[in-house]
Amino acid sequence: MPDLAKLVVCASNATSQARAQALAQALQVPCCLASETLAAQAQWQLQVAPQGLSLQEQASQAVLRVDFLGGAVAHRRRFGGGRGQPLARAVGLKAGYVPTVVDATAGLGRDAFVLASLGCQVQLLERSPLIAALLEDGLCRAAQDEEIGAWVKARLQLQHTDACLWLQRLSAEQCPEVIYLDPMYPERQKSALVKKEMRFLQALLGADEDSGQLLEIALQQARRRVVVKRPSNAPPLHKRTPTASISSKNTRFDIYPTHLKQQP
Ligand SMILES: C[S@@+](CC[C@H](N)C(=O)[O-])C[C@H]1O[C@@H](n2cnc3c(N)ncnc32)[C@H](O)[C@@H]1O
């Protein structure tokens, strides 16, 4: 869980102050103007500007922002390999079949965005209030875009909630076809291959210690399959051997079919 005691919400200027105050209240942390001393003293700053939210770590000056319109995410949407890419194959996407997906560990929403760009209806679940705020901000900006806004609005829905609780409350009719899990993996921390953003998330959130429990709940609630993203050299989550795996360079998608159990 993030140590919100070290966080302040900073408004870039007076125009952003009302939004900053609302966010600070929701996160129960102090609020100030970016120019005030309190901002410089905080370990983490959630900066609120007219162009959106960004999270800055003071020591490293690293900045985290959810941006679906530019950078690596936009590049992956255009050139990422469409339905042939490992993530799409792992959820079972193919011509004539587009599953409904619950992304139970939404994070910065990149995997969910890829699946939605390929036609999936994706429910995103994120329990960290800070990450959920950044993600909601990125989704709102993407929803206003001329090119992708219509399908972003129609296919990506975010809930700030704990996925274990949320999934357990679903009735049989509400259960999604696929539940996708990408919990934080602690040993990635030492790897030189860990991307900057992922290191940032690890420093902020720590490991997802209850991911084994989440997998067990997901296996009960997915109508067709659960897919777990793992680093390629990591053991299967919760020592559950998958039925199949799809590997890419640094990542493995472990697949657990569930439909046999669900259909009598
Ligand atoms: C490695 S990140 C996911 C990255 C994501 N796949 C992406 O493409 O950006 C894991 C995220 O899952 C969230 N998480 C872990 N367990 C959760 C749970 N039980 N309910 C909701 N969110 C959870 C963490 O807070 C963290 O933001």
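Q: What does Arg 110 do at the ligand: which of its atoms lies 3.1 Å from a ligand oxygen?
A: A polar side-chain atom of Arg 110. Keep in mind that this is a predicted model.

Q: And Asp 111, which atom of that one lies 2.9 Å from a ligand oxygen?
A: A backbone N or O atom.

Q: How much of the ligand's accessible area does the protein cover?
A: The protein covers 98%. On its own the ligand has 610 Å² of accessible area.

Q: Are E6 and E7 parallel or antiparallel?
A: Parallel, over four bridges. E6 covers residues 100-103 and E7 covers 121-126. Asp 103 stands opposite Leu 124 in E7.

Q: What about E9, how many bridges join that strand to E6?
A: Three, and the two strands run parallel. E9 is residues 178-181. Val 102 has Ile 179 in E9 as its bridge partner.

Q: New topic. What is the strand order in the five-strand open sheet?
A: E2-E1-E3-E4-E5, with mixed pairing.

Q: Why is one side of E2 and of E5 left without a neighbour in the sheet?
A: Strands E2 (31-33) and E5 (63-64) stand at the edges, and each has a single partner strand, so one side of each has no neighbour in the sheet.

Q: How do E1 and E2 run, parallel or antiparallel?
A: Parallel, joined by three bridges. E1 is residues 7-11. Ala 11 stands opposite Leu 33 in E2.

Q: Last one: what joins E11 to E12?
A: A hairpin, through three residues. E11 (residues 244-247) and E12 (residues 251-257) pair in the antiparallel sense over four bridges.

Q: And which residue in E12 is opposite Ile 246?
A: Phe 253.

Methods. Residues are numbered from 1 along each chain as its sequence is written. This is a predicted model: local features need pLDDT of at least 70, side-chain atom pairs count only at pLDDT 80 or more; totals for chains, interfaces and linings use all residues. Side-chain values use heavy atoms; hydrogens and water are left out. Two strands pair if DSSP finds at least two bridges between them. A polar contact is a pair of N or O atoms within 3.5 Å; within protein, one must be able to donate a hydrogen and the other to accept it, and residues adjacent in sequence count only if both atoms are side-chain atoms. Accessible areas come from the Shrake-Rupley method with a 1.4 Å probe; for residues, only the protein chains shown count as cover.
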